[in-house]
Amino acid sequence: MKPLGGRPRILVADDDKINRLALRRALSVHHEVIEACDGFEAIAKARVEAPDLVLMDAQMPGCDGYAASLTIKSSCGADQFLPVVFMTAGNDQERLLRGLSSGGDDFLIKPVNPLLLEGKIRALLKVRGIFETLRRQRDELEAFRNGAERDFTVAEAVLTNVLARDEPELPGVSTVHDALERLNGDLVLRAILPGGRLRVLLGDFAGHGLSAAIGAIPVAETFYESCEANRPLDRMLGEINAKLHRILPRYLFLAACVLELDPTGGTLTVWNGGIPPVVIAHPESSRRGHAESEHLPLGVLRPAEFDPAVRRFEVPSGTRILVASDGATETRSPGGEMFGAARLEACLDGPPRATAADTSAGTSAGTSVFMAELTRSLHDFRGSAPACDDVTLFGLTVGPELGTALRAAQQPVVEVGPSRSGRGEAGCKEQRSAEYWRYSSERRRRRRPCPARFGDAETFTTGC
Amino acid sequence: MSIKTSRLGSTVTLSVGQRLDFNGHQEFRRAYEGQLGVTEYVVDLTETEYIDSSALGMLLLLRESCALGVKVRVVGANPAVKRILTIANLHKLLAVA
């Protein structure tokens, strides 16, 4: 093999020893010369010695230059350029044509003029150099792409494992994701709490792709951990905010809306920081409630400034609830118009609700009807226009089926039945102490003075 | 996208072009970095038709980079842009006019 950065290697194939010697003398100042005395040897040395250019005598006994050139050229990859220069005794049309059709790249007439020889070699080696650069860059790019693909696959698998829990299908609850990229910053997390309550977080990280998706991991872990321990909504929000504030760069944050539905009491608790208004459509009237965004997104404020205040809504059976990321309302038509909140809300009415089929299927079927209507409507509105953002929708209809399913699926950790009170209480205590430990360590961390993240902590408070 | 920086006394105005999104992160940063003795930054969105959540991040970053007592004002936002700022409640941290 050619040493890296060494002199270019020229393979000289000529049956005349005097000619080879003359060429060697002319070339060896700037090049390394390899000799072959016929076509067969030329083919063999082209393979073994890896020359950068071949000077080929056309007329040789046995295997001539034309045949050797054909073989050498055909064994080169399509992405390689090994120049072959024919040396012919005369410049008659027939010989030159044969040289061309045998893969020759240039000609020299014997006796070879040393200046012309050097000029042609230089030009052809330059072309070969360009080929090599291209090939190297293509290989680097391919290696990079393969690496990125591997990383993406791993990231995707990890994210899927973190985000997806074995949550049962719930009647009247539906989520729609329409993502621009494989990894994106939208997430919907769902957990069932003791008492048959349902807690949902719909989040939308600033930005797109992997950098946005990466923040989903700590959010999901805190969310599930907090729900498993049955911590109140405000505590969970404080924990997620504190965690994101600590780990995310300042320009990354999570616009999020957290809902907690208590179907037994018929109440919905909402905390909205940066998500378009949650629409709450009452069953028997055209009355609509809106849970507007009242807070900064999660991860923006320091823990001490974070406001976990929630709003409560009465949600009797039949109430429809819709949360949509801004990707939905900001979907653009080919003409550049935005989908907007009015169209979004109109879909909640959808096709007339009180059809016979709908009534017989119960209230829970209403969700799939209005979600399908909304998805169709968004799709039609966008038409041929390109998608600009991830769209995430969460829809829910309060109803007895949902209440029953939630009570059936609720986690048994904290609710301790009297029959196994002994073991249960011990388990409960353990749970509490683990929780207590986590909480107190979190509080200890919060009390630590906030290092340089907010160089000017005062600007922060005065702005509020 | 283009951001023009102009300075009048100790007030620096960043005039944003048609869009402010994640592609403009570096440019936005360069537009205010290295300015000395500033008491107020004005982000002029009069020309701006679209901002995304990354733009909100850039505004937060600008605000954080400011020394104590430096004001950041956002002006000229059209209704659509203002809606995005309002949903994120950015007016709780920055003056939005």
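**View 1. A salt bridge in chain A.** In this predicted model, the side chains of A:Arg128 and A:Asp52 meet in a salt bridge, with N and O 3.2 Å apart. (A salt bridge here is a side-chain nitrogen of Lys or Arg within 4 Å of a carboxyl oxygen of Asp or Glu.) A:Arg128 lies in helix 5 (residues 114-163) of chain A and A:Asp52 in the loop between helix 2 (39-48) and strand 3 (53-57), so the pair ties together parts that are 76 residues apart in sequence. Helices (H or I, at least four residues) and strands (E, at least two) are DSSP runs, numbered from the N terminus. Over all chains, the count comes to 32 salt bridges.

**View 2. Helix 2 and helix 3 of chain A.** The axes of helix 2 and helix 3 (residues 65-75) of chain A come within 9 Å and cross at roughly 15°. That makes helix 2 of chain A roughly parallel to helix 3 of chain A, a word used for angles under 35 degrees. Axes are lines fitted to C-alpha atoms, for helices over the stretch in contact, and angles run from 0 to 180 degrees between N-to-C directions. A:Gly39, A:Ala42, A:Ile43 and A:Ala46 of helix 2 meet A:Ala68, A:Thr71 and A:Ile72 of helix 3, where contact means heavy atoms within 4.5 Å.

View 3. Look for A:Ala405 in helix 13 (residues 400-409) of chain A. Leaving aside residues up to four places away in sequence, A:Ala405 touches A:Leu170 and A:Pro171. The C-alpha atoms of A:Ala405 and A:Leu170 are separated by 6.5 Å, although the two are 235 residues apart along the chain.

**View 4. Helix 1 and helix 2 of chain B.** In chain B, the axes of helix 1 (residues 25-32) and helix 2 (residues 53-65) come within 11 Å and cross at roughly 25°. These two helices of chain B are therefore roughly parallel to each other. Among the residues making the contact are B:Phe28 and B:Tyr32 of helix 1 and B:Leu59 and B:Leu62 of helix 2.

**View 5. Where chain A meets chain B.** Here 29 residues of chain A are in contact with 28 residues of chain B. Across this interface there are 2 salt bridges. A:Glu330 forms a salt bridge with B:Arg83, the closest N and O atoms being 3.9 Å apart.

**Notes.** Residues are numbered from 1 along each chain as its sequence is written, and chains are lettered from A in the order in which they are written. Local features need pLDDT of at least 70, side-chain atom pairs count only at pLDDT 80 or more, totals for chains, interfaces and linings use all residues, and side-chain values use heavy atoms, leaving out hydrogens and water.

Notes: Parallel < 35°, antiparallel > 145°, perpendicular 65-115°, else oblique.
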